[in-house]
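Here is a short briefing on one model. Look over the sequence and structure first, then read on.

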Amino acid sequence: SGKFYQHATTEASQATLASVSPVFAVMKLDKEGNATYFEKKKTELYQELGLQARDLRFQHVMSIATRNNRIIMRMEFLKAVITPEFLLILDYRNLNLEHWLFNELTSQLAGEGQLVTYSLPFEFRAIEAILQYRISKLQGRLNTLQPQILETLEALVDPKLLSVDRSKLHILLQNGKSLSELETDLKVFKETILEILDEEELIEELCLSKWTDPQVFEESTSGIDHAEEMELLLENYYRQAEDLANEARELRVLIDDSESIIFINLDSHRNVMMRLNLQLTMGTFCLSLFGLIGVAFGMNLESSLEEDPRIFWLVTGIMFLGSGLMWRRLLSFLGRHLEPPLPPHVPAVLKKSQPAAGRVEIKNNLKAETFGLSRSTLTNQ
């Protein structure tokens with residue numbers, strides 16, 4: 001009776017766990033691009049695919065792994081399982097994925113897109129389509145941020161502006177945060193692909209048809225082994241991600257340089273106000289010092305000087321003339337001790353070649369303007 005009770009309890013617990021397992025909305029695409037849609041529990045799905053439960057535990061991270069002749073790809077919200085015969089997109093009911101799934105992915109798998117792996121087995125097309133989608137999303141984010149950052153920086157480093165617009169600073173702060181997130185995503189993308197490129201066994205495992213139909217994978221029409229073509233495919237998208245990371249790094253350098261220019265401008269204006277305050281303080285001190293003469297004559301003391309009508313103008317003239325001369329002397333002393341030192345000698349450097357891209361020319365012009373502005377503000381200071 002004890003064994004029967006334990007067996008019944010185990011079956012009840014398994015039934016309870018199976019009933020609460022998540023249900024995936026699955027989109028299945030075959031080699032011709034035909035799509036079918038269905039819903040299936042997680043327990044049933046990983047059993048049919050020959051996987052384990054942890055293989056379908058998708059977090060919002062990026063990873064590419066193989067298990068039991070299946071490729072499991074995680075691209076944040078995109079969750080895919082690739083087999084030699086079909087592609088499964090899990091939880092496809094996402095507003096950010098519907099346009100790509102229904103308008104682009106089906107045609108790409110059917111051979112109507114712009115992929116370069118149509119002559120290769122199905123898993124090549126599926127991997128390239130997903131990587132292309134991820135790169136296009138990252139490129140779109142960079143294309144959105146780049147003009148906003150350049151426009152904001154041009155407005156902030158304008159020499160005609162005597163003060164910094166706080167609204168522009170707020171926009172720059174938001175764009176800088178978005179740029180940091182983009183740099184992090186690009187870094188994760190490159191590290192994920194680089195982990196596969198560093199391991200030859202992982203590259204061969206991505207060639208699923210090698211294990212199902214070895215004759216297909218003997219040699220391609222170009223004389224290159226398909227494992228090498230998989231490596232070239234991954235290297236291509238790694239290079240694209242590296243180019244995007246370099247552009248994002250250039251924007252980060254522009255932001256840092258512009259922040260330095262803004263701080264220099266603010267310091268320059270602050271120094272002007274402090275100098276003006278110091279000059280007014282010295283003028284007040286000179287007037288107060290020679291004003292003691294008037295105080296002395298204003299005392300109720302009798303002398304023969306107050307009877308002379310010319311004494312008033314003489315004393316007044318001495319007060320103003322002495323105050324002016326002393327103030328002028330203090331200003332010259334201040335000017336000698338606050339003159340900026342001569343700039344150090346900088347050896348000539350080789351000029352870099354000008355890039356042909358228009359947006360890079362805009363960045364170089366912005367750098368030149370900011371550096372010229374910093375030199376002028378430092379000279380004024």
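Is K79 buried or exposed? K79 is buried, at 13% relative accessibility; buried means under 20% relative accessible area, exposed over 50%, and partly exposed in between (1.4 Å probe, protein chains only).

This is a predicted model: local features need pLDDT of at least 70, side-chain atom pairs count only at pLDDT 80 or more, and totals for chains, interfaces and linings use all residues. Residues are numbered from 1 along each chain as its sequence is written, and side-chain values use heavy atoms, with hydrogens and water left out.

**Salt bridges**
- The count is 7 salt bridges, each a side-chain nitrogen of Lys or Arg within 4 Å of a carboxyl oxygen of Asp or Glu.
- One of them joins K79 and D91 at 3.3 Å, N to O.
- K79 sits in strand β5 (residues 78–82) and D91 in the loop between β6 (86–90) and α3, so the pair ties together parts 12 residues apart in sequence.
- Helices (H or I, at least four residues) and strands (E, at least two) are DSSP runs, numbered from the N terminus.
- D91 is partly exposed, at 27%.
- K190 and E242 also pair, with their closest N and O atoms 2.8 Å apart.
- That pair links helix α5 (K190) to helix α8 (E242), 52 residues apart.
- K190 is buried at 14% relative accessibility, while E242 is partly exposed at 24%.

**Loop residue E112**
- E112 lies in the loop between α3 (98–109) and α4 (122–156).
- E112 is exposed, with a relative accessible area of 64%.
- The C-alpha atoms of E112 and G33 are 9.6 Å apart, across 79 residues of chain.
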